[in-house]
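User: Could you take a close look at one part of this protein for me? I'd like to hear how one pair of neighbouring elements packs, and what sits around them.

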Amino acid sequence: MAVLGRIDQMMAFKGVSLTIAPLGAVCAVLFTAPDSPPAKKYNMFVAQIGCAAIGVLALSLFGPGWLARGAALSASIAFMTITGSSHPPATKCSKEMF
């Protein structure tokens with residue numbers, strides 16, 4: 001996290017940000033409960049990447065606002081249900097992209 005924070009500082013002048021709130025939640029899950037279902041590799045990668053893609057798609061389709069947040073959140077939950085990947089920080093990722 002410290003390395004990502006430092007890279008974020010170095011890239012800020014270009015308008016690029018690497019600060020993603022769910023990464024902190026992911027670290028907390030990995031280090032405090034590494035044997036829990038949300039910390040499993042499948043759950044982390046499939047849900048995190050899938051829900052991030054859903055969030056970007058919702059933002060592209062609806063623009064920033066309540067409709068995109070609601071659509072991204074509900075689509076992310078549906079995606080995790082269909083794929084069998086349960087990772088709560090991934091849902092937070094799609095909601096906070098706006």
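**A helix pair up close**

H3 and H4 pack with their axes 9 Å apart, at an angle of about 150°. An angle over 145° counts as roughly antiparallel, so H3 runs roughly antiparallel to H4. As for handedness, H3 passes H4 in a right-handed crossing. Keep in mind that this is a predicted model, not an experimental one.

Which residues make up the meeting surface? On the H3 side they are Tyr42, Val46, Ala47, Gly50, Cys51, Ile54, Gly55, Ala58, Leu59 and Phe62. On the H4 side, they meet Leu67, Ala68, Ala71, Ala72, Ala75, Ser76, Phe79, Met80 and Thr83.

Now for H3 on its own. This helix covers residues 41-62.

The buried residues of H3 are Asn43, Met44, Ala47, Gln48, Gly50, Cys51, Ile54, Gly55 and Ala58. Several of these turn up again among the residues that meet H4, including Ala47, Gly50, Cys51, Ile54, Gly55 and Ala58. The spacing is worth a thought here: an α-helix has 3.6 residues a turn, so residues three or four places apart point the same way.

Leaving aside residues up to four places away in sequence, asparagine 43 touches Pro37, Pro38, Gln48, Gly84, Ser85, Ser86 and His87.

Over on H4, which covers residues 66-83, you'll find threonine 81. Its relative accessibility is 62%, and exposed means over 50%, so threonine 81 counts as exposed. The C-alpha atom of threonine 81 is 9.8 Å from that of alanine 47, although the two are 34 residues apart along the chain. Alanine 47 is one of the H3 residues that meet H4, and it is buried.

To put the pair in context, the protein has five helices and zero strands, giving the pattern α-α-α-α-α along the sequence. Of its 98 residues, 29% count as buried. Among contacts with a separation of 6 or more, 61% come from residues 24 or more positions apart. The accessible surface comes to about 6100 Å², with 72% of it belonging to carbon and sulfur atoms.

One last stop, at H1, which covers residues 2-11 and holds leucine 4. With 35% relative accessibility, leucine 4 counts as partly exposed. Its C-alpha atom is 9.8 Å from that of leucine 23, 19 residues apart along the chain.

Definitions and conventions:
Residues numbered from 1 in each chain as written. Predicted model: local features only at pLDDT ≥ 70, side-chain atom pairs only at ≥ 80, totals over all residues. Heavy atoms only, no water. Helix = DSSP H or I, 4+ residues; strand = E, 2+ residues; numbered from the N terminus. Buried < 20%, exposed > 50% of the residue type's maximum accessible area, 1.4 Å probe, protein only. Contact = heavy atoms within 4.5 Å. Areas by Shrake-Rupley, 256 points an atom, 1.4 Å probe, with all protein chains shown as cover. Axes fitted to C-alpha atoms, helices over the stretch in contact; angles between N-to-C directions. Parallel < 35°, antiparallel > 145°, perpendicular 65-115°, else oblique. Left-handed = near helix turned anticlockwise from the far one by under 90°.
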